[in-house]
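Please consult the sequence and the model alongside the text.

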Amino acid sequence: HRNNKRPFFGDVKKALDRMTGDIKVMRDYFEGLVPQMPSLKKNIEKDFEILATIHELMSVAAGFSVSDAEDFILVLQKRVRDVGITKHIVGDLWHLVAPTEERYVWELVESMEEQLMAIAPVDDALALEVNDRSYVKGLRLDEMAVKLYVKSRRNRPIKATAVESIVKNWRTTWSAGAEEGNDEE
């Protein structure tokens, strides 16, 4: 979507309502499996939190929610753990539903940078997670986002060096997994 004036969706409210329904259907399905697999319950909360966060950010961008975007940007940052990727994700969510406000949200996230770093500082824990048994290559939100941003040709209201910085950080973080033989593409 490269239109900087109109939202991606013809009817943003209808699209957000459908997303709500889709999230509910998926969540109900997995919650139905909990009696057979009780350990699944903790993963459902963790994994659906990100979907709810993305949906709420889009609702805020579209003007359908009175929530503070800052609160949900912080939640997203806790999961992504990279300020540059968080900026891109939030910017893209705004671009989908309120493209004329995208620059505003980039500036908002930039103004929160110190706070974002404080709640999820860059450390070696993320690189160590790559070697964790539960890690499935290609299924991390931050990993998938960076791959999309590297391929994307969409103009964003940022300096070109921001993407280069994200790619450099990503390669450094994920190179630990590749060195351990987890590089199976």
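In helix α1, the buried residues are Val12, Ala15, Leu16 and Ile23, where buried means under 20% relative accessible area, exposed over 50% and partly exposed in between, with a 1.4 Å probe and protein chains only. Because these residues cover an arc of only 95° around the axis, they lie on the same side of α1; the arc is that of the directions from the helix axis to the C-beta atoms. They pack against α2 (40-62) and α4 (83-97). The face turned away from this buried side carries the exposed residues Arg18, Lys24, Val25 and Tyr29.

This is a predicted model, in which local features need pLDDT of at least 70 and side-chain atom pairs count only at pLDDT 80 or more, while totals for chains, interfaces and linings use all residues. Residues are numbered from 1 along each chain as its sequence is written, and side-chain values use heavy atoms, with hydrogens and water left out. Helices (H or I, at least four residues) and strands (E, at least two) are DSSP runs, numbered from the N terminus.

At the start of α1, a side-chain oxygen of aspartate 11 comes to within 3.3 Å of the backbone nitrogen of lysine 13. The end C-alpha atoms of α1 (residues 12-32) are 30 Å apart, in agreement with the 30 Å that its 21 residues should span at 1.5 Å a residue; the expected span is 1.5 Å times one less than the number of residues.

Helix α4 contains threonine 86, a buried residue with a relative accessible area of 0%. Apart from neighbours within four places in sequence, threonine 86 is in contact (heavy atoms within 4.5 Å) with Ile73, Leu76, Gln77 and Val80.

Terms used:
Polar contact = N/O pair within 3.5 Å; in protein donor to acceptor, adjacent residues only side chain to side chain.
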